[in-house]
Amino acid sequence: RLAPRIVSDDHSRFLSVSLQMRKEDWQSALDELAPLLQKKDKLPRIQKLETLRLTAECYQSMGQPQKAKTFFLEWLQEAPNDPTALNNFAYLLAEDLHDPNAAKSYSQQAYDIGRRLNFSDPLITDTHGWVLTLCGGNDANVGLSILSALVEGHGDLLDARYHLAKGYLLRNRRPDALNQ
């Protein structure tokens, strides 16, 4: 139903990309994004940001972190204070590119924006705690404290519980890890 519309309607194209991503058909989603990428500088800002976000997420999901990084950086160039962009890029750097020290400034910025606005996003808090934990040293202690407080307030957030358990293992705290 969308196929005839995507040729002339960008909104329909975004819907089609979303459907492909839900099916985890990353290559088809990228194929749908290609025409938007070619004209991204002529798109309205919201659509440009959405194109960059979706492309970064597709490449990350396909296990191509360097290509994802390119689009995250472009997204951040357009929206340097976007907490979602900062958070997701930090996660890419820490997890997929194994560089938590590079991720730290991005996760810190996303975390600080939420605190400044008196809005705490549990996913951003989880990422920041996990990035700090991966950094080691005193950062790891701070990260474990953040994750522990997050789990106390959001016990059903499995990512935070998982990161807390892994963090405890990294700090040789096996009984605490098993408890999580």
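Predicted model: local features only at pLDDT ≥ 70, side-chain atom pairs only at ≥ 80, totals over all residues.
I take buried to mean under 20% relative accessible area, exposed over 50%, and partly exposed in between (1.4 Å probe, protein chains only). Residues are numbered from 1 along each chain as its sequence is written, and side-chain values use heavy atoms, without hydrogens and water.

**Entry: salt bridges**

I searched the whole structure for salt bridges (a side-chain nitrogen of Lys or Arg within 4 Å of a carboxyl oxygen of Asp or Glu) and found nine. I looked up Lys48, which is buried at 10% relative accessible area. Lys48 bridges Asp41 at 2.9 Å, N to O; Asp41 is exposed at 61%. Glu78 also forms a salt bridge with Lys48, with the closest N and O atoms 3.0 Å apart. Glu78 lies in helix α5 and Lys48 in helix α4 (residues 45–61), so this pair ties together parts 30 residues apart in sequence. Glu78 is partly exposed at 29%. I note that shared partners join Asp41, Lys48 and Glu78 into one network.

**Entry: α5 and α6**

I took helices as DSSP runs of H or I, at least four residues, numbered from the N terminus. Helices α5 (residues 65–78) and α6 (residues 83–96) pack at about 155°, with axes 10 Å apart; axes are lines fitted to C-alpha atoms over the stretch in contact, and angles run from 0 to 180 degrees between N-to-C directions. The two are therefore roughly antiparallel (angles over 145 degrees).

Note on methods:
Parallel < 35°, antiparallel > 145°, perpendicular 65-115°, else oblique.
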